[in-house]
Amino acid sequence: MTQLATEERAGPRRGLLHRLDVKGSPYLYIAPFFILFLGFGVFPLIFTAWVSLHEWSLLSEEHTWIGFGNYTKLFDDPAFWNALWNTVSIWVISTVPQLVLALVLAHILNQRLRGQTFWRMSALIPNITSVAAVAIIFSQLFGRDYGLFNWVLGLFGIDKIDWTANTWSSHVAVSTMIIWRWTGYNALIYLAAMQAVPKELYDSASLDGASSFQQLRKITVPAIRPTIIFTVIISTIGGMQVLAEPLLFGGNGLTGGSDRQFQTLALYLYEVAFGRFDFGYASASSWVMFLIIVIVAAINFGIISRLRRS
Amino acid sequence: MRRFTAVVPIAIAAMLATAACGSDDGDNQAADDGPVSLTVATFGEFGYKELYDEYMKLHPNVKITERITKTEDHHKNLAAHLATNTGAADIEALEEGWIGQFTAQPSKFVDLTEYGANDIKAQWPEWKWNVGASKDGKVIGLGTDAGGMAMCYRSDLFKKAGLPTDRAEVSKLWPTWEQYIETGKKFEAAKVAGAHFFDGPTVMYRSILGQAPVGLYDGDNVVVDSNPDVKKAFDLSAQAVTSGLSARAEAWTPAWNAGFAKGTFATLACPSWMMAYIQTQAKDASGKWDIADVPGGGGNWGGSWLTVPKQGKHTKAAYELAKWLTAPEQEVKVFQKYGNFPSTLTLYEDPAIKDFVNPYFNNAPVGQIFSKSVTTMKPQYLGPKAGDINTQIINGLTRIEQGKQTPDQSWQQVLTDVKALL
């Protein structure tokens, strides 16, 4: 009797626990990610927005509220627009050749090759090399007096180029480092997608006498279009955030050249935040940079979905 | 299992919470007798390598790690480490051009008088001691070297250009910077293969500016636009560049470093610490470099201090090491081996300094040359943003050198760029 009574009392309680388990546990399982994301993603985002509304220097304890003052100052700042322009220019010069090269490279790797795994793995080596090492070595290759590139150009009777001095040459140099680092990575992503394309398509195309290039253009590219879209978006976001390459290419200082000729948005942000310690202004520019990335990604997405529909 | 899943997020939250306040160590004097690990962060060449070994032999419980960064990065990193209260080394060196920014926040550093630094005050000239102190009298830094000025030149290249090579005669070539530029034109006219007269505008500009009684700051005001001495330093450096004297080796880049060994430039204004730098960069060029008087006479550029940030775990042990490193006996050793000129007054009459000749620099009497320039020196006040302002001015000179702008255009942009910093 007493036993029954306890069971009766425990009955609905156990049901509650059971329901909690079924409904609640999944949230607990995914909670670690969201707690980390809250701590390292959402919180900094909101805190940065808060800081951006203040006169906030790292060196002083006082933080004055100035509303949108930092933002209005930013839109009048020629150095900001210059950095934005440089970022776009470097992004175009680096992304377009990079993706085309990656496609060609993936196509080659997709053929029957001796030592296939070796070739595929080597494509990734530039990517796993530290960006600092890449930037330092390329800065030497692009050296004015003793650089390899100028030496090779000299063999063809071309005058020495002062790579850091001019806008176009510095953009080419910085883009080269980005291309070097990311081509193999994108090639492997393409390669993975290409493996899913039915072999029969290629076989019948070969029977019909299509060349390798025609096969790439007519079969591979349409078949892996979703992957191409993915890489375009990822490279766009990456391209907007380029920092280490122009920073180390400059050798000295954070200004990206004597006239800020290769200072990217991220580098300008770095200069303001960690050169002048003006965290308020830096936070404002990082928010604007974030919005620019969102807009560019949205445009990207719009163009691509239109392409897909047609 | 249910219980376990609940624990994980709590544990993570707890980890985050402890990570956020992990640097509040409170009292950090414990265990100085046990094994102590000290990190010393410097830049350029302090010449401390052998001294660390010696100190570790004297104090077997102490382990010293050195951390060397480029000058600008070193000071930027330190500012960030102080602001976030974590990451600074136990001893942080500060250079003259940056120290103003740090003496303005003395609460981040140990006031060394608390550990008895007043007892050794007499080692230094008064100005050196004062620059290392805050306005309210807290002493945060012990002086290491001072930056007396001279002119380093390659006697082998001078010979090829048909110029005198003896240091007394070379000094006579350039009592003023204008005459230095004239000498440069003669050097260029001789067309010595692969070489130009001077390295580039950075070092020349800093040296001329260092000779002025007032530099970028007059009191708390930045006077770049109104101080004729700043404009003069800019104009003379620009003139040297437009006259084609520059090897276009930007200071502190790999090309510049290579230039010392390859002899791509024949002269370089030499604060005393530059001797150490040249010796490390051009190990095989011994006897080719020599030292003459600097145009314009005297002046100062650089010199450093050792500080002990409060966030360190062993501040007392760090002070003991800093005190030992800056003691006269050690400063003499650094000077003799590397050339960094001591800021320790008592040493200037010491034969170890006075009669010292540096064999690397063709037996130049460097002890005499630099003690003359340090004792007559009046230090210039460098404000908290001096480092950043100089970067803008040097960028302006680089634009002229790269042929992007005329000196006038460049100066106008310098003024706007400097204004943007303030």
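The turns below concern a predicted model, and they go from domains to chains to salt bridges.

Me: What area is buried between domain 1 of chain A and domain 2 of chain A?

Reply: The domain assignment of chain A places domain 1 at residues 2-52 and domain 2 at residues 69-309, and the contact between them takes five residues from domain 1 of chain A and eight residues from domain 2 of chain A. The count between these two domains is zero salt bridges, while three residue pairs, both members at pLDDT 80 or more, are in polar contact. On the side of domain 1 of chain A that touches domain 2 of chain A there are three nonpolar, two polar and no charged residues. Carbon and sulfur atoms give 66% of the area buried between the two domains of chain A, and that area is about 510 Å².

Me: Which element gives the most to the side of chain A that touches chain B?

Reply: Chain A and chain B bury about 2,800 Å² between them, with 55% of it on carbon and sulfur atoms, and the contact joins 33 residues of chain A to 37 residues of chain B. Nine residue pairs, both at pLDDT 80 or more, are in polar contact between chain A and chain B. Two or more residues on the side of chain A that touches chain B come from each of α1 (2-52) and α13 (265-275) of chain A. With nine residues, the element that gives the most to that side is α1(A).

Me: Which side chain of chain A meets B:Arg248 in a salt bridge?

Reply: Across the interface of chain A and chain B the rule finds one salt bridge. A network of salt bridges links A:Arg144, A:Asp145, A:Asp162 and B:Arg248. The side chain that meets B:Arg248, at 2.8 Å from N to O, is that of A:Asp162.

Me: Is B:Gln101 buried or exposed?

Reply: B:Gln101 lies in helix α4 (residues 96-103) of chain B, and, leaving aside neighbours within four places in sequence, B:Gln101 is in contact with A:Leu59, A:Phe277, B:Ala79 and B:Pro384. The relative accessible area of B:Gln101 is 10%, and since the cut-off for the buried class is under 20%, B:Gln101 counts as buried.

Me: How many residues apart are A:Glu245 and A:Arg181?

Reply: A:Glu245 forms a salt bridge with A:Arg181, in which the closest N and O atoms are 3.9 Å apart. The pair links distant parts of the chain, with A:Glu245 in helix α12 (residues 244-249) and A:Arg181 in helix α8 (residues 167-194) of chain A, and the separation is 64 residues.

Me: What is the relative accessibility of B:Arg167?

Reply: B:Arg167 forms a salt bridge with B:Asp290, the closest N and O atoms being 2.9 Å apart, and this pair joins helix α7 (residues 167-173) to strand β9 (residues 289-292) of chain B across 123 residues. B:Asp290 counts as buried at 2% relative accessibility, whereas B:Arg167 counts as partly exposed, at 23%.

Me: Why are B:Asp235 and B:Lys231 separated by about one helical turn?

Reply: B:Asp235 forms a salt bridge with B:Lys231, with 3.2 Å between the closest N and O atoms. B:Asp235 is partly exposed at 33% relative accessibility, and B:Lys231 is partly exposed at 26%. The two residues are separated by about one helical turn because they lie four residues apart in helix α10 (residues 228-242) of chain B.

Note on methods
Residues numbered from 1 in each chain as written. Chains lettered and ligands numbered in written order. Predicted model: local features only at pLDDT ≥ 70, side-chain atom pairs only at ≥ 80, totals over all residues. Heavy atoms only, no water. Domains from an automatic or database assignment. Contact = heavy atoms within 4.5 Å. Buried area = accessible area lost by both parts, 1.4 Å probe. Salt bridge = Lys/Arg side-chain N within 4 Å of Asp/Glu carboxyl O. Polar contact = N/O pair within 3.5 Å; in protein donor to acceptor, adjacent residues only side chain to side chain. Nonpolar A, V, L, I, M, F, W, Y, C, P; charged D, E, K, R; others polar. Buried < 20%, exposed > 50% of the residue type's maximum accessible area, 1.4 Å probe, protein only.
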